[in-house]
Amino acid sequence: GASDPYWATYEQAAEDEGIDVEIVDFADYNQPNPAVSEGELDLNQFQHIVFLADYNIASGDDLQPIGATAIYPLGLHSKQYDAVEEIPDGATVAVPNDASNQARALVLLQSAGLIELKSGGTIFSDLADIDTAASRVEVEALDAALTATSLDDLAGAVVNNDFVERAGLDFDDALAQDDPDDAKALPYANVFAAQADDLDDPTYQRLVEIYQETQAVQEGVVEVSGGTAVMLDTPVDDLRAILAEVEADTRDQQG
């Protein structure tokens with residue numbers, strides 16, 4: 001969110017180097033990528049690599065990462081229960097409905113012992129991948145912004161990091177979460193994204209460096225995430241290689 005305090009610090013750090021940055025806030029995950037594609041924005045920073053791959057394939061676009069920011073763990077939250085074991089059989093748990101976060105959420109529910117996935121769990125898992133006979137709970141897909149706000153009516157929900165505190169939840173109260181330090185988590189690294197023609201733009205590259213090198217920005221990101229963010233400076237070539245791999249796997253999956 002543009003209101004997070006570290007963005008003001010970031011803007012000032014950029015201004016100190018003669019770069020005027022305007023931060024634009026979006027409430028809908030589906031808007032920032034088309035805005036970059038259409039030239040309304042120069043860069044965006046809100047998504048992980050799997051989400052970007054899904055967008056590129058669905059839209060026929062070729063947005064590319066120009067730098068890493070952080071990996072945020074995905075957490076299972078509940079207002080009714082204090083432990084996964086307390087969630088009763090047959091209860092309903094919500095996951096985000098966008099493909100990339102849904103797959104990640106389902107793998108988390110499997111690791112927590114609430115469901116079984118026929119595939120064993122991949123970045124392509126969806127509701128159809130759930131082995132309902134072998135699962136303890138039913139799963140409902142909701143818009144990512146609604147999983148947390150629907151908790152009064154659900155046994156639990158997997159909540160994207162952005163929405164935890166907005167919903168009055170505490171990061172420390174998650175019943176389960178995935179491990180951002182796991183090497184398998186790198187496709188979920190959040191990135192700055194730009195049009196492919198702008199990858200070598202020195203100003204954009206410097207903006208990534210300012211984000212990664214400014215200690216107050218880094219500390220601010222961790223603070224806003226409730227101490228959960230794992231900050232990254234992954235080489236850009238590695239990010240693009242992961243994106244290409246995920247896109248290739250996705251095309252293969254789609255047949």
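1. A word on pairing to begin with: two strands pair if DSSP finds at least two bridges between them. Helices (H or I, at least four residues) and strands (E, at least two) are DSSP runs, numbered from the N terminus. With that in hand, β4 and strand β7 (residues 156-159) pair in the antiparallel sense over three bridges. Within β7, Val159 is the bridge partner of Gly75.

2. Some ground rules. This is a predicted model, in which local features need pLDDT of at least 70 and side-chain atom pairs count only at pLDDT 80 or more, while totals for chains, interfaces and linings use all residues. Residues are numbered from 1 along each chain as its sequence is written, and side-chain values use heavy atoms, with hydrogens and water left out.

3. Back to the sheet. Five strands make up an open sheet with mixed pairing, in the order β6-β5-β7-β4-β8. Its edge strands are β6 (138-142) and β8 (176-177), each of which pairs on one side only.

4. Next, helix α8 (residues 236-254). Just after α8, Gly255 takes a positive phi of about 85°.

5. Which residues of α8 are buried? They are Leu239, Ile242, Leu243, Val246, Glu247 and Thr250. Seen down the axis of α8, these buried residues fall within an arc of 135°, so they line one face of the helix; the arc is that of the directions from the helix axis to the C-beta atoms. Buried here means under 20% relative accessible area, exposed over 50%, and partly exposed in between (1.4 Å probe, protein chains only). On the face turned away from the buried side sit the exposed residues Asp237, Glu245 and Asp252. The cover over the buried residues of α8 includes α3 (49-59), β2 (64-68) and β9 (190-194), where contact means heavy atoms within 4.5 Å.

6. Strand β1 (residues 44-48) deserves a look too. Five of its five residues are buried, so β1 is largely enclosed by the rest of the structure. It pairs with β9 in the antiparallel sense over four bridges, and Gln45 has Phe192 of β9 as its bridge partner.

7. β1 also matters to the lining of the largest pocket, giving the most to it, with five residues. A pocket is an open set of points on a 1 Å grid over the protein atoms alone, with protein on both sides within 12 Å along at least five of seven lines; a cavity is a set where a 1.4 Å probe fits but cannot get out, and lining residues have an atom within 4 Å of a point. The largest pocket has a volume of about 1200 Å³, volume being the space filled by probe spheres set on the points, which are joined across faces, edges and corners. Of its 50 lining residues, Gly1, Trp7, Asn44, Gln45 and Phe46 lie nearest the centre.

8. How many cavities of 30 Å³ or more are there? The count comes to one, and the largest cavity holds about 70 Å³ of space. Among the residues that line the largest cavity are Pro73, His77, Phe171 and Thr228. β4 (75-77) and α5 (161-164) each supply at least two residues of that lining.

9. Lastly, Ile115 is in the loop between α4 and β6. At 1% relative accessibility, Ile115 counts as buried. Leaving aside residues up to four places away in sequence, Ile115 touches Leu106, Leu109, Gln110, Ile130, Ser135, Val137 and Val139.
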